[in-house]
Amino acid sequence: MGKYEIKVDKATPQYKVTISGVVDEDIDFNAYSLSGAASVDLQLGMVKSINSCGIREWIKWIGTAGTAPVKYHQCPKIIVDQINMVQGFLPASGKVMSFYVPYYNEDSGSEKNVLFTYGKEFTDSAVNPPAAVKDDEGNVMEMDVVEAKYFKFIKK
Amino acid sequence: MSGLRNQILILEDDSTLLNALQAAFSREGFIVHATSRPSEAKEILHKNPIGTLFIDCLLPDVSGVEFVEGLRPDFSEDQLDVILMSGIFTDQAFVKEALRATSAVQFLKKPFDIKDAVTLVEKPVLENQTSSKIILHPRKALYQLFSKGAGKGALREKKKTLEALDEIHGFDLPFIYSLIVESKSSGHLNIASAQGELYGITVSHGVIVGVDIPDKETYLGKLLIDSGFVLPEDLNQVMSSPSQGRKIGERLVQSSLISPHALDIILAQQMNIRLSRTIIDQRVNVNFVEDDVELTSPNIDTDVFLTFLHDWIASKISSAWLKTHFLQWSSCQIRKTPLYNDSHPALRMPLVEKLPQIVEYVTNGKTLNQILDSNHFQEEPLYKALHFLLTNGLISFDEGGSAEASADRFKWLKKIYGQLHGKNKVETFELMSQMAGSGDPEFIVKEFVKILGPQPPADQKEMVQVYSQIVNLAQQAYDFNKSGSRDKLKDEIAKGEMELKLKAASQFEEAKNLLQKSLFRQALELLKKAKGVDPNLDKIRLYLVWAKVGLVDPNSQQRDQAIREAEMDLVQVPPEEKFDAIYHYVVGLVCKAKQDYQNARKHFEKAMAIDSNMIVARRELSVLASKAAQKRDVLSADLKDLVGSFFRKK
């Protein structure tokens, strides 16, 4: 595998896309046009990194879906950051279905990413974090993001 | 209650209760106005942004209920919370009717516990000032990071502070770049401008290996010629040959016109220009994506970075921005960070070196106010030198030495008032947001009041008055910002500015023509006017130096001073303007004024190499050539001919 991998399942008009690896100037979305899709489901849990060139390419590519609904699944923090910062990174017809939230325990230094799912840990206008998140040793962990910044997209 | 409505009015004729309430709310950080006279209360309400009114139902001349009913047309429930108090009218029916008629939020039956009254009012943002743990705003925390030293904890704190940043000013970027370089981070800094443009910086263990900006101009040709690595004719030849999909640099290397190492040097300069162009006078959003990035060439290592950083601070960051930027720390002691050492190369860079004794001043525990009061330095060079040291992590501001603890707080408040006074509401809010550093209006206003500190003690009346004036201006700006009028005014200002800028652009063009005709004085007047309106006019600093040098009288006593000023102006030319024919022409003029004819000729020749049609450079070369010829003649001519030439009829 190179720096990135894109898989598009066009067996039905409900396209299923998986992206993994690094999204940068080397990524080539040309062979993966989304035009003609009735809807698009993107699995993003394996995206490792993204830079400004990759963001530009992404916006052009995601635009090929036109007005079809686009759902983002398992967004890692780096994707959430771009959704919050870059206009068009999540298209107007797009919706985040699940995303990771980093947690941290200051004493043990343990870190963990917790998946927040639409309808459960968040809705269109609110976040309902799990009552308690613990690390492998049973230490209680705290959310490791600035909530006002990280959850901005939920109010978008 | 919204924004910074942390002002309370108590209208009560029982002086014991009045004083008790005043003391309790003051302790909680509110600005408290107290009176027993309804007429005075009205005046206070109209002059100050009161958020809550405590009012006795039985007042001399008028009932509290009637008083509030009379206020409501001017002060809606959203604007003013009312709390009624009474020890006489306490029956259920009266209370119910009084609450309805006044839209009051609460009715307190006397006697009541003062603590109960305090709990009725949302605590003001100032409360944070007295809490044991002061949580700094991410942007303010950013500028304190170097004081934390190294170590795993400090590294995590740096990372988390970078992550917490959201909207910042483009002039904050050099500090962020410096922090990423110093902490040897690897990854991508993604930057989005307010216009939706995207920029990106890629770093490998603190070495910048990539800069991505939507750049129309590559500067590569100018850089190659400027460096002397490639002759213009060779470059033209390679450019006119078919590219076969290869970049210009590769084609030059393949044609053996430049070595790969020399090309890397040029490409690093290109990165410098691109980085410089990200430092813009507008708000930007940033995020940092950690990644394992390979160290590649070309790159900008820490040594080269230092010189670039110096140039950006010298040339890109405006004095007005720095002045506001440092306002929040002006009463804090400046101290050395763990990164400071006497042999740090930053101490030998022009911004620092050209200010004698600056290092002693900023490293012996003085505050910025004290340094300014010493009148030892001019403001602009002082701010720039300080910012350079701060950005390199060599100094920081003492968190503990807040404005509250400082003896010169009054002076500091007056300075802030001076900056706000006379500004329109949009400008006031912009200034507040620069100090507070966030895009969210509610947050800006709260953060701004936090920076102001708690209300000064009541016995310091003058200071309380200035404090209240600042808070009032801030409140007005906040209210205006929230209302729809803001966009309208902003549009009007933008339109007005556009007209002024168009005029400035035309003055600039006229000045350029005057310079070509050597009419320096008229050109200088026009250039000063144009720069006053639009300091971002392309290469205006260079044209100003041209005009100033043109006016230098070689026989005047002020010649050396004028040349020094011109040299300082040249330090403040941004990197993207340094590889232009006009830059070399102006540097040539400065060299010529210093009678350094050899370097003058070199620069005029470079100007010609970049722009072969530059008539003024050609003219200067001719002048220098004839000067050289005259000199040679005198030295080499036959004595008889030489003496004869003195008497020859012209």
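Predicted model: local features only at pLDDT ≥ 70, side-chain atom pairs only at ≥ 80, totals over all residues.
Which residue in E9(B) does Gly200(B) stand opposite? The residue is Asp212(B).

1. Pairing of E8(B) and E9(B). Strand E8 (residues 198–204) of chain B pairs with E9(B) in the antiparallel sense, over five bridges. The hairpin of E8(B) and E9(B) has two residues between the strands, and there His205(B) takes a positive phi near 45°. E9(B) is mostly covered, with five of its six residues buried.

2. The sheet as a whole. Five strands of chain B make up an open sheet, in the order E6-E10-E7-E8-E9, with antiparallel pairing. Strand E6 (167–169) and strand E9 (207–212) of chain B each have a single partner strand, so they stand at the edges and one side of each is left without a neighbour in the sheet. From one strand to the next the twist averages 30°. As background, strands of a sheet pair through backbone hydrogen bonds, either parallel or antiparallel.

3. Pairing of E7(B) and E10(B). Strand E7 (residues 187–193) and strand E10 (residues 283–290) of chain B run antiparallel and are joined by seven bridges. In this pair, Leu189(B) is found opposite Phe288(B) of E10(B).

4. Crossing of H15(B) and H19(B). Helix H15 (residues 319–327) and helix H19 (residues 379–391) of chain B have axes that come within 10 Å and cross at roughly 65°. Angles of 65 to 115 degrees count as roughly perpendicular, so H15(B) is roughly perpendicular to H19(B). The crossing in which H15(B) passes H19(B) is left-handed.

5. Residues at that crossing. From H15(B), the residues in contact are Ser319(B), Leu322(B), Lys323(B) and Phe326(B); they meet Glu380(B), Tyr383(B), Lys384(B), Leu386(B) and His387(B) of H19(B). Sorted by class, the contact of H15(B) with H19(B) has four nonpolar, two polar and three charged residues.

6. Ser468(B). This residue lies in helix H23 (residues 461–482) of chain B. Leaving aside residues up to four places away in sequence, Ser468(B) touches Ile31(B) and Asn48(B). Gly245(B) is 223 residues from Ser468(B) along the chain, and their C-alpha atoms are separated by 66 Å.

7. Contact between the chains. Chain A gives 14 residues to the contact and chain B gives 15 residues. On the side of chain A that touches chain B, the elements giving two or more residues are strand E3 (39–50), helix H1 (52–62) and helix H2 (77–85) of chain A. H1(A) supplies the largest share of that side, four residues. By class, the residues on the side of chain A that touches chain B are seven nonpolar, four polar and three charged.

8. Chain B overall. Chain B has 31 helices and 12 strands. Of its 650 residues, 41% count as buried. Taking contacts in chain B between residues at least 6 apart in sequence, 70% join residues at least 24 apart.

Technical notes. Residues numbered from 1 in each chain as written. Chains lettered and ligands numbered in written order. Axes fitted to C-alpha atoms, helices over the stretch in contact; angles between N-to-C directions. Parallel < 35°, antiparallel > 145°, perpendicular 65-115°, else oblique. Left-handed = near helix turned anticlockwise from the far one by under 90°. Contact = placed C-beta atoms within 7 Å. Nonpolar A, V, L, I, M, F, W, Y, C, P; charged D, E, K, R; others polar. Pairing = 2+ DSSP bridges. Buried ≥ 20, exposed ≤ 12 C-beta atoms within 10 Å, placed from the backbone.
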